[in-house]
Every structure is written in structure tokens, then in C-alpha cells.
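Hi,

Here is the structure I promised to pass on. Have a look, and my notes follow below.

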Amino acid sequence: MSDHVVALRVNGREHEVRVEPRRTLADLLREDLRLTGTHLGCEHGVCGACTVLLDGEPVRSCLMFAVQAHGHSVETVESLAGADGTLTRLQQAFHEHHALQCGFCTPGILMTLSAALRQGPLRSEDEVREALSGNLCRCTGYQQIVDAVLSLGEAAT
Amino acid sequence: MKPPPFDYWAPRSLPEALELMARYGEEAKALAGGQSLVPLMNFRLAAPRQLVDLNPIPELASCAVEDGVLRLGAMVRHRFLERSPVVREHAPLLSMVAPFIGYPQIRARGTIGGSLAHADPAAELPAAVMALDGRVQLRSRTGTRMVAAERFFRSFFTTVAEPDELVVGVEIPLPPPGTAVGFQEVAMRRGDFALAGVAVAVTRGEDGTITRARIACLSAASTPLRVPEAERVLVGEPPSDRLFREVEARVSELVDPPDDVHASAGYRRRTLGVLCRRALTAAVSGKEATRR
């Protein structure tokens, strides 16, 4: 069960990490790179808390092995706000609409929505809920999340 | 939750992958999108000793129309089926069912070959491929064979593939002119496993009479299920609400769905009939599938 060296780009920075094959991408991010913004809820692909972007597409980082990210680019919630703490428009809208309660699901939801908004604006409640279908909020605060996204109107993040 | 230890292989070509499958046989498992296998590994319900990752093999992600068929590589992802104009033109049923599979994050990774090989009777693609008379291409180090989707599935999560064989692609015959498709399913929440679902393909002649019909159900049996006796009711008739109601009744009579905590057999039986009628109605009226 030999280890592998994974070379990947995370939030624009190159990393090389030695991992066991069974280490998930989520654990590499959290344990090896100490990027603990990515949360783990169910670890079997249902809750969406661990959603990150792999080459721009939203994926469950608990359902990918870190070795599979070799040569790929990953974006986590830590990539959103600017170095000076300036929030993205989506994050600002979350702040203004109280779109997070305990905050556990928020990183996954922000990454899922950031990816969706790159494809174009989400115009209706239906479109927002469809985009959000793979993310669970245990506080059930969906309405404010929907409100926050709709408040962006035509503006992307 | 962590899977038990395994050796990881990232072959760069199909022959390399087939060599690994031949060498390790039952010890090996192919990793496609991982959206079903990795949860099973995280729960330790599956514990392959050797994991052969198909993601680095570019030839498995191909999509081409040639010799009257749409050929899709096994690693074509659900997201591609949703977005590709080629798939939408030549196999619109696949584009139609793709948004019903899991969630955006699942569709970004999940693959058509993985869905067929996993053989979950509640999955959308196996039923859709069956409704399109699709064929599954299996390959091992020693040879290649094509298996009609109808003969590919044996039972829950079981196919005719041997341990050293890989699903490498799918062939969908281009539909005859005048073919329309429809899909309907019921699930508790968006992206959940379907409690019942029906995919249909009907071909009409120039006078509007139905000349050919396919009805494939999901969550109706231990495999995706064709209902030939109900299909025969359609052939030779012009589409009508009365005809579709007759088919609805036949489907409900003919299926023998399982009973479980999510839905009773009686509910599924009734629902499969209704969904079949709605899928037929939507197909002949040219409407897209709606999610509910």
C-alpha cells in the first residue's frame, strides 16, 4: 500500500504532498494543507459540505481520493475573499441576508453557488433551489440563502 | 469514515488498465466517477485491494457519431450528457434524463459507464440506454464483446461483466426518423433515488401511426425493466389519450415492483403506469421532461 506524491494547485498555489492512496481530497485539504474551511459532514456524498471546485467544476471532496487530484487545480472557500478580507458579492449577499446560521454548510454552499454563477446568473427561485439541491443546511435556513442569491440579480460573483 | 487501505493505479491507456484487471481479477475494482463506489468504500461495504482509476485514460471520454450509432466512451460524465449538443441531437433521451441524476456535484464526476457497471435498478441511465436499444461494450485483455443493454443487467448491482472485463463504452443506434422520447420520475426530493421512473421511445410512421415503441422502467424490479407486452399495445395505433390509458393499465398489471421502506409495491405499480402514460404524452407532444 505504497504512498504517492500528489502535485496539485490549490487556490493558485502549487503543493506537493505525500499521501496514502485512501486519503480523501477533503482530508488532504484539511489535514495536510490545514485549509479547514472545507467541512466534512456525511463523508458519503449526500450533504455537500465538502464541495470544492476541481478544474472549475463543483465536486464532493469526500468522494475523491487525493491522488486523483494529481495535476489538477482545486479551489476552496479560502479562495473567495480577498487577502484584505474583502468579501465576494455572493459572500456579501450572504452576510446581508443572514444566509448562514451555524455556518457549517456555508463553505460547500458558497463553492456550489460560485460555480453555478460562473455559468450565468440564477434568475428564479427554482433555478437557485435546483443549483442548491446537492447541499444540506441542517439549520434549514434555505429561504435566506435563496434570497441572498436572488438579490445578486444579473450580477455574477 | 475512511476506506480500508488499497493500492492505487493510474493507467494512462486502456491496454494498461486491462492488464491490471487481468492481473488482479476479483481483487481489483475499476474507479470511474466514484460517486457510488467511494461511498461504499467509505462505509467499508466495498474493500477492493487494488483500485484501477480510469479517469486518466483520455480515450474513454470520447463521443462520436459513426456508422449509424452514437458511441460514448465509458468515462463520459453526466454533465457532458446534459450539455453536449451532439448528445442532445442524436440521443435526446440521455440529455433528458441526465438532470435527474443526483446533484450538480455528482453529475460533474459520475459517468455513463460507471452507472451501467454499478447496475442500480433505481438509476436513470441504465433504463434510458435500454429504451434506446443501446449496447454495452465490454473489453478484457483477451477480447471485446458487445452486449445488448437488455441482456447486460442480471440483478441488483450485478451485470454479465466478468471480473477482468471493463465497460469501455456504449453504443446508441441513431433513432429512426419520427422517433420521440419521454422521461418521467418520482423521487422524494430533487436528486434522490427514484421511487419509480419510466423512459419511453416511440416511432411514428408518416400517417402518424406508432410503428415501434420502447418502454423501460426504473425502480420496478431487480434490473431496469422493459415491458414488451405494453409496447405491443402501442404498435399499429395512432397516439391518443385512450391508447395511453390502456398502456398505463397494462404497465401497472405487468410490473411486479419491490416493496421497501420508501414506497410500497402497490404505490410503485400504480405510479409506474401513470408515469408511463405521462412520458408517452410528453413524448408525442414534444415536451421536455419536468422535474418534480
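B:Glu171 is buried, at 11% relative accessible area (buried is under 20%, exposed over 50%, partly exposed in between, with a 1.4 Å probe and protein chains only). Its salt-bridge partner is B:Arg135, at 2.9 Å from N to O; a salt bridge here is a side-chain nitrogen of Lys or Arg within 4 Å of a carboxyl oxygen of Asp or Glu. B:Arg135 sits in strand 6 (residues 135–140) of chain B and B:Glu171 in strand 10 (residues 166–173), so the pair ties together parts 36 residues apart in sequence. B:Arg135 itself is partly exposed, at 27%. Helices (H or I, at least four residues) and strands (E, at least two) are DSSP runs, numbered from the N terminus.

Before I go on, the bookkeeping: this is a predicted model, where local features need pLDDT of at least 70 and side-chain atom pairs count only at pLDDT 80 or more, while totals for chains, interfaces and linings use all residues. Residues are numbered from 1 along each chain as its sequence is written, chains are lettered from A and ligands numbered from 1 in the order in which they are written, and side-chain values use heavy atoms, leaving out hydrogens and water.

Another pair in chain B is B:Glu150 with B:Arg226, 3.0 Å from N to O. They link distant parts of the chain, helix 9 (residues 149–152) and strand 14 (residues 225–226), 76 residues apart. B:Arg226 is buried at 15%, whereas B:Glu150 is partly exposed at 46%.

In chain A, A:Arg129 and A:Glu125 form a salt bridge with their closest N and O atoms 2.7 Å apart. Both lie in helix 4, 4 residues apart, about one turn. Over all chains, the search finds 31 salt bridges.

Now the interface. Chain A puts in 32 residues and chain B 33, counting heavy atoms within 4.5 Å as contact. How many salt bridges cross between chain A and chain B? The rule finds 5. One of them joins A:Glu130 and B:Arg107 at 3.9 Å, N to O. On the chain A side, strand 3 (51–54), strand 4 (57–60) and helix 4 (125–131) each give two or more residues. A network of salt bridges with shared partners takes in A:Glu57, A:Glu130, B:Arg79, B:Glu82, B:Arg83 and B:Arg107.

Last, helix 3 (residues 106–118) of chain A is mostly covered, with 12 of its 13 residues buried. After this helix comes A:Gly120, with a positive phi near 140°.

Cheers
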